[in-house]
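This report concerns one protein model and describes selected features of its architecture. Please consult the sequence and the structure shown here alongside the text.

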Amino acid sequence: MNKIWGYIAVTLFFAAGTLLALAYLRSGSVQPSPPWAGGEIRVGYSSEPPYAFRTPAGEVTGVGPETAKAVLARLGAPRIRWVLLDFGQALAALEAGQIDLLANGLFITPERAARVLFSLPYARVGQGLLVRQGNPRKLASYEDVAAAPDAVAAVLDGSVEETALLAMGLPRQRLFVVPDPGAGLAAVRSGRADCLALSGPTVRWLAGESQGEAEEAQPFAQPAALPAGESAFALRKADARLAEGMDVALREVVGSDALAARIKPLGFERQNQPLWSLSR
């Protein structure tokens, strides 16, 4: 008899626990889990100032990392581990799980969107062309580069500029593919390339770093086949919840005075905000 009463008591105990748990859930007291609850988050970046770079003091900065810092702080990510990647290998590293997030100024394209998830854009910029001082080849557009009989263009491996120049008819053998913008600047300085095709902010940054050896082609005509690009964070396809949380935080951060103060010294003004934020 004692055993029977013991079984009944245990059954009633678990039943009461289940009822209490259901009541707790229905009361709405359970808070949804945060978009990021994994502790340290690994954020990949590529050396392409002013989008992303490491300062001489060792700080990772740029419009991508600065925006990421503001967004991840809102999501409760306790620590960021920055992972330097070659631009051309960054998407593969994300897909392979070597990083959790990519913050290197990556433009949204249909081809890339087929591989990864993109957040809302956080910046919008046009293209540019870095040439030797005095622009001896008189290059003022990507069309000029493609039409010149022997002009060699440096491009970042895997960049939209590489794709655009090939689509305009530039033979692949006249592309000088480089792993980062610094190598592109070196190619222009040394004469191995007649120009470097990259986004406008990076071209302006490199011209300022060239000690008068290179300049931004002016006036520059934005390629008709390549509209201004929008940069966004890239995430793995499986991390839809994190992407949604980042979008919520981006709506709070982009256009704010606090973020503007951090990215204005990098050359990003109101006109570089994404279209969705300018329509608010």
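The sections below treat a helix pair, a pocket, a cavity and some features of the backbone.

## Basis of the report

The model is predicted. Every value quoted below is computed from that predicted model.

## Packing of helix 2 and helix 9

Two packed helices are described by the angle between their axes and the distance between the axes. For helix 2 (residues 63-75) and helix 9 (residues 240-253), the angle is about 110° and the axes lie 9 Å apart. Because angles of 65 to 115 degrees count as roughly perpendicular, helix 2 and helix 9 are described as roughly perpendicular to each other. The crossing of the two helices is right-handed.

On the side of helix 2, the contact is made by Thr67, Ala70, Val71, Arg74 and Leu75. Their counterparts in helix 9 are Leu242, Gly245, Met246, Ala249, Leu250, Glu252 and Val253. Sorted by class, the contact of helix 2 with helix 9 comprises eight nonpolar, two polar and two charged residues.

## The largest pocket

The largest pocket has a volume of about 230 Å³. Its lining consists of Thr109, Glu111, Arg112, Gly158, Ser159, Val160, Thr163, Ala164, Ala167, Ala225 and Leu226. By class, five of the residues lining the largest pocket are nonpolar, four are polar and two are charged.

Helix 4 (110-113) and helix 6 (160-167) each supply at least two residues of this lining. Helix 6 gives the most to the lining of the largest pocket, with four residues.

## The cavity

The structure holds one cavity of 30 Å³ or more. The largest cavity has a volume of about 100 Å³. It is lined by Glu48, Tyr51, Phe87, Gly105, Phe107, Arg112, Ser159, Val160, Glu161, Leu198 and Ser199. The lining of the largest cavity has five nonpolar, three polar and three charged residues.

Helix 6 and strand 10 (195-199) each supply at least two residues of the cavity lining.

## Backbone features

Most residues other than glycine have a negative phi, and most peptide bonds are trans. Against that background, a cis peptide bond joins Pro49 and Pro50, with omega at about 5°. Pro50 belongs to the loop between strand 1 (41-45) and strand 2 (53-54). A cis peptide bond also joins Gln218 and Pro219, where omega is about -10°. Pro219 is located in the loop between strand 11 (214-216) and strand 12 (229-235).

Lys138 is placed in the loop between strand 7 (127-132) and helix 5 (142-147).

Technical notes. Residues are numbered from 1 along each chain as its sequence is written. This is a predicted model: local features need pLDDT of at least 70, side-chain atom pairs count only at pLDDT 80 or more; totals for chains, interfaces and linings use all residues. Side-chain values use heavy atoms; hydrogens and water are left out. Axes are lines fitted to C-alpha atoms, for helices over the stretch in contact, and angles run from 0 to 180 degrees between N-to-C directions. Angles under 35 degrees count as roughly parallel, over 145 as roughly antiparallel, 65 to 115 as roughly perpendicular and the rest as oblique. A crossing is left-handed if the near helix is turned anticlockwise from the far one by less than a right angle, and right-handed if clockwise. Contact means heavy atoms within 4.5 Å. Ala, Val, Leu, Ile, Met, Phe, Trp, Tyr, Cys and Pro count as nonpolar, Asp, Glu, Lys and Arg as charged, and the others, Gly among them, as polar. On a 1 Å grid over the protein atoms alone, a cavity is a set of points where a 1.4 Å probe fits but cannot get out, and a pocket is an open set with protein on both sides within 12 Å along at least five of seven lines; lining residues have an atom within 4 Å of a point. Grid points are joined across faces, edges and corners, and a volume is the space filled by probe spheres set on the points.
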